[in-house]
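Let us read a protein model together, one feature at a time.

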Amino acid sequence: MTSFLRADPARCIGCRTCEVACAAAHTDKPLSGGNFLPRLHVVKQAHVSVPVMCHHCENAPCVAACPTQALVQGLERVEIYETRCIGCAGCVVACPFGVISLAGRGEPQPVSVIKCDLCVGRETGPACVSVCPTAALEKVSRDSVEMTARQRREQTALSALRHREEH
């Protein structure tokens, strides 16, 4: 069962607080240009803003593209093993959402995969979720998404039945 973050564009105000919280959660140094590496990015369009991040796909193309298993399908998420990364960028190219990047890390390994890790190890859950002022982000599981879809299908069927009975 994979977990992932769901963003509600109707609630997002484009404040980018989630980006700052994400970058801060992944470094122990003061944030600056060199270490400001959020694992999600707010995309702003004319009438909508929404954070875009890893979907932790169950059959993740990035995992299949990685020749060194720096990305591995885990039980809850696509897991990152930074020391295995050779910087080939296969994962960057393979990601259908464009949410993986590479960043310099220094010696001995020159690069590291930068993607959402659901703030693994953080007791209070993903940093972006906890700081969002409008609750536009939430961590969900595939099971909860399937339950929501089932409920919507049932509601649609009941609406269709009522409509049919009225006519």
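**Reading the model**

The place of Val-20 is in helix α1. This is a predicted model, in which local features need pLDDT of at least 70 and side-chain atom pairs count only at pLDDT 80 or more, while totals for chains, interfaces and linings use all residues. Residues are numbered from 1 along each chain as its sequence is written, and side-chain values use heavy atoms, with hydrogens and water left out.

Q: How many helices and strands are there in the protein?
A: Helices (H or I, at least four residues) and strands (E, at least two) are DSSP runs, numbered from the N terminus. Here the protein has five helices and eight strands, and from the N terminus on they run β-α-β-β-α-β-β-α-β-β-α-β-α.

Q: Which residues of helix α1 are buried?
A: Buried means under 20% relative accessible area, exposed over 50%, and partly exposed in between (1.4 Å probe, protein chains only). In α1, which spans residues 17-25, the buried residues are Cys-18, Glu-19, Ala-21, Cys-22 and Ala-23, and they pack against β2 (40-44), β3 (49-53), α4 (127-131) and β8 (137-141). Val-20, by comparison, counts as partly exposed because its relative accessibility is 43%.

Q: Which residues have the most contacts inside the largest nonpolar core?
A: In soluble globular proteins, nonpolar side chains tend to be buried together. A nonpolar core is a set of buried Ala, Val, Leu, Ile, Met, Phe, Trp, Tyr and Cys residues joined through side-chain atoms within 4.5 Å. The largest one here has 25 residues, and Leu-40, Cys-62, Leu-71 and Ile-100 have the most contacts inside it. To this core α1, β2 and β7 (111-114) each supply at least two residues. If contact means heavy atoms within 4.5 Å, then Cys-62, leaving aside its neighbours within four places in sequence, is in contact with Leu-71, Val-78, Cys-91, Ala-94 and Ile-100.

Q: What does a salt bridge between Arg-6 and Glu-138 tie together?
A: A salt bridge is a side-chain nitrogen of Lys or Arg within 4 Å of a carboxyl oxygen of Asp or Glu. A search of the whole structure finds five. In the one between Arg-6 and Glu-138, the closest N and O atoms are 2.9 Å apart. Arg-6 lies in strand β1 (residues 3-7) and Glu-138 in strand β8, so the pair ties together parts that are 132 residues apart in sequence. Arg-6 is partly exposed, with a relative accessible area of 30%, and Glu-138 is also partly exposed, at 37%.
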